[in-house]
Amino acid sequence: MTSQQRPERSAEYPLECDHCRYPIPGEPEETDDGQFCSTACLEASEGDDGDEIPDPSAYKRIVTGVEPIDSLVPNGVPADSFVCLSGAAGTRRSELLTELVWRAIERGEPAVLVTATTPPAAVLERFFENGWNVLPALEDDRLRLVDCFTHRLADRDAFRDHRSEWIEFVGEAAAESIVAIEEPTDVEPILRECNAALDDLEMTETGLMTIDSLSELARGLETDHVHEFVTETRATVCKARYVPIFGGWTAGDEGASMDESVFDGVVDLRLADHLESDTRLRQLGIRKLTGARFLPQWITYEYEPVRGLLSSVVESPERTAPGAPPSREAQGVRERR
């Protein structure tokens with residue numbers, strides 16, 4: 001029994017199940033092959049030739065790779081979360097969504113990107129503008145784009161005819177990775193193609209999905225259908241597959257509405273005027289994140305191509321006198337960097 005004790009376990013539950021890898025709260029079910037928390041785990045272990053379930057921490061939480069978010073969620077974002085990124089224009093919400101996808105690709109994971117605000121080639125251009133080359137990911141079939149925009153154009157032929165040489169090249173290079181939604185005002189084809197893309201990329205317990213604008217989807221769909229889309233994708237993608245979804249939402253948009261209780265997490269992005277004149281700061285805070293510990297504070301961030309979103313330290317003028325302690329916000333940011 002002592003061979004199963006682990007120093008990281010609490011004194012109350014020092015044993016770990018050899019199948020599910022969770023603590024054993026009572027007397028273990030013991031066999032020659034190990035110790036188990038329940039008969040279900042014992043029988044499952046016998047049925048699968050002794051294979052263990054992967055370490056839950058390996059797929060149930062993710063470190064996004066985006067510095068401001070990770071600094072506020074020290075133990076990782078639950079992978080079964082549908083997270084709303086709520087921010088007004090100018091808060092770099094698009095850059096944040098782009099970086100989330102790129103960091104997943106950097107980790108060697110696949111990603112599905114749903115675009116409702118701009119053509120797929122223009123979405124890919126955001127990566128190139130940051131110095132992030134997604135051509136290999138497109139070629140290796142690690143990135144899929146679900147296009148809910150193009151078929152809303154009044155004259156699609158004119159759009160294609162006026163593309164620059166570079167955008168035309170990007171569009172052709174990504175052609176096999178783009179799934180066009182011919183009826184973007186109907187929730188069913190969007191749901192169907194999103195799940196088909198996840199199946200094609202074998203996305204279970206790996207990767208992530210982003211939606212550039214839930215607000216824009218809401219304009220084309222009836223309000224109850226937007227809620228249907230969120231609840232359906234949350235169930236079939238996040239909860240069933242352990243694939244997180246990050247969806248953009250335009251804060252204060254009077255043309256669309258959403259009940260935020262349907263989300264597992266809400267990240268607020270805001271513009272704030274600093275006490276020093278002529279300075280407008282971008283700040284990020286976690287309003288809610290079910291199943292995760294997060295720091296209940298605002299963090300100031302900046303954006304830099306290649307590096308992405310970065311936490312920054314800003315001193316209040318009254319705190320900059322010699323010998324004066326830094327502001328609480330500055331202390332918090334320094335500790336997390």
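I searched a 1 Å grid over the protein atoms alone: a cavity is a set of points where a 1.4 Å probe fits but cannot get out, a pocket is an open set with protein on both sides within 12 Å along at least five of seven lines, and lining residues have an atom within 4 Å of a point. The model is predicted, with pLDDT of at least 70 needed for local features and 80 or more for side-chain atom pairs, while totals for chains, interfaces and linings use all residues. Residues are numbered from 1 along each chain as its sequence is written, and side-chain values use heavy atoms, without hydrogens and water.

Entry on the cavity. I took a volume as the space filled by probe spheres set on the points, which are joined across faces, edges and corners. The largest cavity has a volume of about 50 Å³. Its lining is Ile69, Val77, Val83, Phe246, Gly265, Val266, Val267, Ile286, Lys288 and Leu289. Strands S11 (265–273) and S12 (280–289) each give at least two residues to this lining; strands are DSSP runs of E, at least two residues, and helices runs of H or I, at least four, numbered from the N terminus.

Entry on the pocket. I noted a volume of about 280 Å³ for the largest pocket. Of its 14 lining residues, Pro120, Arg160, Arg163, Gly171 and Ile178 lie nearest the centre. H5, H7 (156–161), H8 and strand S8 (178–180) each supply at least two lining residues.

Entry on the helix pair. I found Ala121, Leu124, Glu125 and Phe128 of H5 meeting Trp166, Ile167, Val170 and Gly171 of H8, where contact means heavy atoms within 4.5 Å.
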